[in-house]
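Trainee: I would like to go through the labels given to residues here and see what each one rests on.
Mentor: Go ahead, and we will set each value against its cut-off.

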Amino acid sequence: MQMASKKIAMYAEKKYELEEIRDEIKAQFDKHVWFDVEFKDEILRELGETKTLLLIFERWYMRTGSYASLVIMLSEFRGYQSADIISTGGRDDFISWGAESNFAKLGEDVLRNLGFVSKVC
């Protein structure tokens with residue numbers, strides 16, 4: 001089994017504290033009774049005017065027979081916030097069963113509801 005990954009970048013003008021965003025992400029994940037997302041850990045760092053909150057989640061996917069992880073890094077600087085989402089999950093040989101994309105989209109949807117938009121690269 002190999003790993004597949006999905007990356008999403010978003011940004012927003014500050015409307016909420018990073019801890020409020022974390023709480024909303026956790027609350028939205030907890031609302032879904034048809035899947036279980038486990039909150040694993042977090043790291044909060046402040047350096048001058050920059051604040052960063054790293055969140056780690058995990059979810060079991062039956063279709064891949066493995067776990068997928070979701071890492072969300074929230075950063076804040078001078079009234080703007082960014083969110084970098086990376087999800088990784090198992091795949092069989094050359095086939096990705098979409099677990100990583102599905103898990104990343106869950107995080108993206110919550111952030112979009114909080115006013116974040118996708119970054120154009």
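**Labels and their grounds**

Trainee: Why is Ile43 called partly exposed?
Mentor: This is a predicted model, and the relative accessibility of Ile43 in it is 39%. Buried means under 20% and exposed means over 50%, so Ile43 at 39% counts as partly exposed.

Trainee: Where is Ile43, and which residues is Ile43 in contact with?
Mentor: Ile43 is in strand E2, residues 37-47. Leaving aside neighbours within four places in sequence, Ile43 is in contact with Thr52, Leu53 and Leu54. The C-alpha atoms of Ile43 and Ile56 are separated by 9.0 Å, and these two residues are 13 residues apart along the chain.

Trainee: Is Glu100 buried or exposed, and how do you know?
Mentor: The cut-off for buried is under 20%. Glu100 has 5% relative accessibility, so Glu100 counts as buried. Glu100 is found in helix H2. With neighbours within four places in sequence left aside, its contacts are Ala4, Ser5, Lys6, Ser87, Thr88 and Gly89.

Trainee: How many aromatic pairs are there in the whole structure?
Mentor: A search finds four. One of them is Phe29 with Phe57, at 5.1 Å centre to centre and with 80 degrees between the planes.

Trainee: What makes Phe29 and Phe57 a pair, and why is the pair called edge-to-face?
Mentor: Centres must lie within 6.5 Å, and planes over 60 degrees apart count as edge-to-face. The values are 5.1 Å and 80 degrees, so Phe29 and Phe57 are a pair and the pair is edge-to-face. Phe29 lies in helix H1 (residues 18-31) and Phe57 in strand E3 (residues 50-61), so the pair ties together parts that are 28 residues apart in sequence. Both Phe29 and Phe57 are buried.

Trainee: Which residues form the aromatic cluster?
Mentor: Phe29, Phe39, Phe57 and Phe103 form one cluster. Lys26 lies over the face of Phe39, at 4.0 Å from the ring centre.

Trainee: Which members of the largest nonpolar core touch the most other members?
Mentor: The core has 27 residues, and those members are Ile25, Phe57, Ile72, Leu74 and Leu111. Elements giving two or more residues to this core include strand E1 (2-13), strand E4 (66-77) and strand E5 (80-91). Helix H2 gives the most, with six residues.

Trainee: What does Ile25 touch?
Mentor: Not counting residues up to four places away in sequence, Ile25 touches Leu55, Phe57, Ile72, Val110 and Leu111.

Conventions. Residues are numbered from 1 along each chain as its sequence is written. This is a predicted model: local features need pLDDT of at least 70, side-chain atom pairs count only at pLDDT 80 or more; totals for chains, interfaces and linings use all residues. Side-chain values use heavy atoms; hydrogens and water are left out. Rings of Phe, Tyr and Trp (its six-membered ring) pair if their centres lie within 6.5 Å; planes under 30 degrees apart count as stacked, over 60 as edge-to-face and the rest as tilted. Helices (H or I, at least four residues) and strands (E, at least two) are DSSP runs, numbered from the N terminus. Buried means under 20% relative accessible area, exposed over 50%, partly exposed in between (1.4 Å probe, protein chains only). A charge sits over a ring if NZ of Lys or CZ of Arg is within 6 Å of the ring centre and within 35 degrees of the ring normal. A nonpolar core is a set of buried Ala, Val, Leu, Ile, Met, Phe, Trp, Tyr and Cys residues joined through side-chain atoms within 4.5 Å. Contact means heavy atoms within 4.5 Å.
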